[in-house]
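I opened a notebook page for this structure.

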Amino acid sequence: MSAAGERLQGTARRAALALPDVSHGYPFTPGLDVYKVAGKVFLIVTDDPDEQIITVKCEPEHARAHVSGYPSNSLR
C-alpha cells in the first residue's frame, strides 16, 4: 500500500461524500466501494491495498482530455 494511493483514495471518498444526495455501499462485491448520485454510479474505489484504484465516470470529451493530460500506469 502506498501513502500516495491511500491519500488519493481518501480524498476521492471525502469529495464524493461531500456532494449532496450521495449514497455509497458495496452493491457489486465487498471489495468495491461504490458512490452514486440519483442512482447513477460516478465513483468506484477499490479496498484492495495492493491495487489502489479509483474509477471516476465523466463525459467522454472530459475523459479524453484527462487521459492525454495526466500520466497513468493503468495501461501497463
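The entries below record what I looked up, in order.

**Entry 1: the model.** I noted that this is a predicted model, in which local features need pLDDT of at least 70, side-chain atom pairs count only at pLDDT 80 or more, and totals for chains, interfaces and linings use all residues. Residues are numbered from 1 along each chain as its sequence is written, and side-chain values use heavy atoms, with hydrogens and water left out.

**Entry 2: confidence.** I looked up pLDDT, the predictor's confidence in each residue, from 0 to 100. The protein chain has an average of 86, and 89% of the residues score at least 70. Confidence is highest in E2, at 96, and lowest in helix H2 (residues 60-69), at a mean of 80.

Entry 3: I took helices (H or I, at least four residues) and strands (E, at least two) as DSSP runs, numbered from the N terminus. Two strands pair if DSSP finds at least two bridges between them. I found an open sheet of four strands in the order E1-E2-E3-E4, with antiparallel pairing. Strand E1 (22-25) and strand E4 (54-56) are at the edges with a single partner strand each, so one side of each has no neighbour in the sheet. Neighbouring strands are turned by 20° against each other on average, direction ignored; axes are lines fitted to C-alpha atoms, for helices over the stretch in contact (heavy atoms within 4.5 Å), and angles run from 0 to 180 degrees between N-to-C directions.

**Entry 4: E1 and E2.** I followed the hairpin that joins E1 to E2 through six residues. Four bridges connect E1 with the antiparallel strand E2 (residues 32-37). Across this pair, Ser23 stands opposite Lys36, and His24 stands opposite Tyr35.

**Entry 5: the helix.** I saw that helix H1 (residues 3-17) lies across E1, E2, strand E3 (40-46) and E4, and runs at about 155° to E3.

**Entry 6: salt bridges.** I searched for a side-chain nitrogen of Lys or Arg within 4 Å of a carboxyl oxygen of Asp or Glu. The whole structure holds two salt bridges. Which residue does Arg13 meet at 2.9 Å, N to O? The partner is Asp33. This pair links helix H1 to strand E2, 20 residues apart.

Asp47 lies in the loop between E3 and E4, 34 residues from Arg13. Asp47 is partly exposed, at 34%. Shared partners join Arg13, Asp33 and Asp47 into one network.

Methods
Buried means under 20% relative accessible area, exposed over 50%, partly exposed in between (1.4 Å probe, protein chains only).
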